[in-house]
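Some labels used for protein structures rest on simple cut-offs.

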Amino acid sequence: MKKTCTGLALVFGIFLTTNAQTIKIIESGSGTGVNSPTLQFFTPVTINGASVTEITGNGIGEIDFSNIKVDSFAIVHPDYFSKVVKSDALATDNFKVKLDRKIINLNEYVMSVNQQKDPRDYSPYYVNVIPKQLIENSNSGTTADLLQNQGGVLVQKSQLGAGSPMIRGFEASRVLIVVDGVRMNNAIFRAGHLQNLIRVDQNTLERAEVMYGPGSVMYGSDALGGTMVFKTKDPVLSISDKLLFTGNVMARLGSADFEKTGHVDFNIAGKKFGSFTSFTFTDFDDRWQGANGGIDGDSLWNRNFYVERINNADSVFVNPDKNRQVKTEYWQMNAMQKFLFAPNAKDKHIVSVQFTTTSDVHRYDRLTEMASGTAKWAQWYYGPETWLLGSYRYERMSGDWKIGAGITYQYFNESRNSRRLNNNNLTTQDEKVHAINVNVDLKRTFKKHELKFGFEGLFNSVTSTAFKTNVNTDTLAGSSNTRYPDGGNSYYAAALYVHETWFPHPKFTVTGGVRLNMVGLNSQFIDTTFFPFPFNTASQNNFGVNGHLGVLYAPGKGWRFGLLASTGFRAPNVDDMTKVFDSAPGQLFVPNPNLTPEYSLNGELNLSKTFFDCVRIEVAGFGTYVPSMIAALPFTLNGSDSVVYAGTPSAVYASQNANTGYVVGFNANIQANITKYFAMNSSLTYTYGRLIVSGVEQPLDHIAPLYGRTAAILNYKKWYAEASVMYSAPKLLGDYSPSGEDNLAYATSVGMPGWYTFNAKLGYSVNKYLRIQVGVDNIMDLKYRTFGSGISGAGRNIIVTLRSSF
């Protein structure tokens, strides 16, 4: 027996003769099935002619126990306390076994590092794991909110329908989003702020992970600051000849922005073929900011006015409630369909279709701008944003080999629509991206080695158009400058990688990998009427090599030391090199075809100590050096350093390879299962970054201030309760980047003030079919904004959720 901090003893039994049937492993309290539990036997047993020491159930906790002859066995799962079961007691309990969930799992596996399930102790990377149960308990409105609510990521927002995560001083196109093994980043992911993350439906997620630091060996270009990996639910196959039908229904209301979310998913499957279908619809009204706190007389972030079009004329209205952020409403719809075909125990074929679309999403920060004492913009909104992902993936397990291959198609459509006050012409810039990705991954397991190698190829086609519409007559009013070259844009890449994990000694693990990259793009300028650029094509072919080497040392007594050296690689995309846009009032970005790739050098030291199998303290210190960082810097267009754009005199800027840049900081967390039913966790992140231009240091953009989260959690039988505080230090004026990317215009006279919110959640499982959740976020109704944001966080937000499983 091994004694743990909970006093649980894990005992394996001896073999006797008994007959059984299908058993189901369920969670105590909620009664829901445990995902893929494992039965472990003390001595090998024969099943279907094979000698095994363990068997694994399906995704709802069902295990075929027929013809297994044992007296007792152990049920284990990393998220639950193990349990010893006597076979002759199964019938008494109606062939159901209850497991108690661990509030915090200190031994979870990670998938993001090697794109496969690995024990956490195999990896020198700092990884934050968010399993399905934590996603459900978080009860967040969007996937971006989900990441921020866990404390390890700070999210910037320019409007309610947004969410741009900052990871170790990098944001947007310098951090990577991966959904079911497929990179979402495309050729027009910009360096400023992005909202693509919230297109991922958190209600379909099986788990989410944030891998901090460069992930370029496994994922290629863009993974400089970190990689966000999302795994959606797969169909669950039946273990018998009986058709399996399961599902979930959820309804949620939130008071601060009158959120109304409905979700339904269902699984239909036989033994070899399964289908999973999901649909989510979310509608947000205008967001109400907090009424307490603030700075500058509590007036800076007030929504004092808004514009409506009445009788073909713009009218500026006084907002009767200054804390109602008018023009932040939007809706979003997500749908997913997956098919799984497993003809035998070795092969799997997975077909997936994911689709997202939205209403118009108002660019709230722009709508608060003023000119000549009144509103500057009558309209500024993103048109309906569409994302479609269709994929096929084949997987095979054969002895020591694991083979995976897939092909994916993605379609992105987004538009920007703007109109100055009392101007009848609405300017629209529309972008469409078609993306194809092909990958092959192979893994071979040896006695003391795991070798993984593969190939990835991708191609993006970008079409950019622009026009003006008379809003009175709804007719075409002329052309406009496109955001990207109007003659077509292509972006392509190919890569080979190899990665190895070596176990030379029980106390040592060594990991290393190398990736060879080729990335190119080609853009054609046809109409240069609006901006007579001194070129009509922009073309590049870049080659890069990056790698990492990590060593883990576990001397015992709960200690773990990790040392990691890695390089990152990011080639300029279409957005970096060719776009024309106004980043901030009075700043215009123009193309720069002379950009070169970014390379980063990263070092990280990770220390952790586990006490009594109950408490883990982990600290990771990191440093990243970028000798040719792409940054927004003053530029000239045809010899001029300023132009008039959209009626506003604007300084000319362009993305350029600055001399050098560096980022240093640390991540720290403590996780503690105080008792079987009570736990606490706390995380803290600090980042410092500087750009060196002509020998002079200046603040680097996207550097979040010190921030963190502390929570106390109670999980007892059918009850779940959590109290937490989220907090951020101030971002002072002297730490803002002069590029404008940090959005100083939407901060205060002293920068972005520090803030904290107190939050509480409560859940109760009425039975295995129904669960009720209530919560209050920002209990003190504080007025605050996260760094870089042009919209305030939600005021006091009362959330009520009903969940049903069948």
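A salt bridge is a side-chain nitrogen of Lys or Arg within 4 Å of a carboxyl oxygen of Asp or Glu. The model is predicted, and by this rule the count comes to 44 salt bridges.

Q: Why is the contact between the side chains of Arg207 and Glu209 called a salt bridge?
A: The N to O distance is 2.9 Å. The rule asks for a nitrogen of Lys or Arg within 4 Å of a carboxyl oxygen of Asp or Glu, so the pair qualifies. Both Arg207 and Glu209 are buried.

Q: What makes Lys271 and Asp241 a salt bridge?
A: Their side chains are 4.0 Å apart, N to O. The cut-off is within 4 Å, and the pair is counted as a salt bridge.

Q: Which parts of the chain does the pair of Lys271 and Asp241 link?
A: Lys271 is in the loop between strand E19 (259-269) and strand E20 (273-284), while Asp241 is in the loop between strand E17 (226-232) and strand E18 (244-254). The two residues are 30 residues apart, and the pair links distant parts of the chain.

Q: Why is Asp241 called exposed?
A: Its relative accessible area is 76%.

Q: Why does Lys271 count as partly exposed?
A: Lys271 has 45% relative accessibility. Buried needs under 20% and exposed needs over 50%, so the value falls in between.

Q: How do you know that Arg393 and Asp441 form a salt bridge?
A: The N to O distance between their side chains is 3.5 Å, which is within 4 Å.

Q: What parts does the pair of Arg393 and Asp441 tie together?
A: Arg393 lies in strand E31 (residues 386-398) and Asp441 in strand E33 (residues 425-445), so the pair joins parts that are 48 residues apart in sequence.

Q: Why does Asp441 count as buried, and Arg393 as partly exposed?
A: Asp441 has 8% relative accessibility, which is under 20%, so it is buried. Arg393 has 23%, which is between 20% and 50%, so it is partly exposed.

Q: Why do strands E11 and E13 stand at the edges of their sheet?
A: The open sheet has three strands in the order E11-E12-E13, with antiparallel pairing. Strand E11 (154-156) and strand E13 (170-171) each have a single partner strand, so one side of each has no neighbour in the sheet.

Q: What makes E12 and E13 a pair?
A: Strand E12 (residues 164-167) and E13 are joined over two bridges, in the antiparallel sense. Met166 stands opposite Glu171 in E13.

Key:
Residues are numbered from 1 along each chain as its sequence is written. This is a predicted model: local features need pLDDT of at least 70, side-chain atom pairs count only at pLDDT 80 or more; totals for chains, interfaces and linings use all residues. Side-chain values use heavy atoms; hydrogens and water are left out. Buried means under 20% relative accessible area, exposed over 50%, partly exposed in between (1.4 Å probe, protein chains only). Helices (H or I, at least four residues) and strands (E, at least two) are DSSP runs, numbered from the N terminus. Two strands pair if DSSP finds at least two bridges between them.
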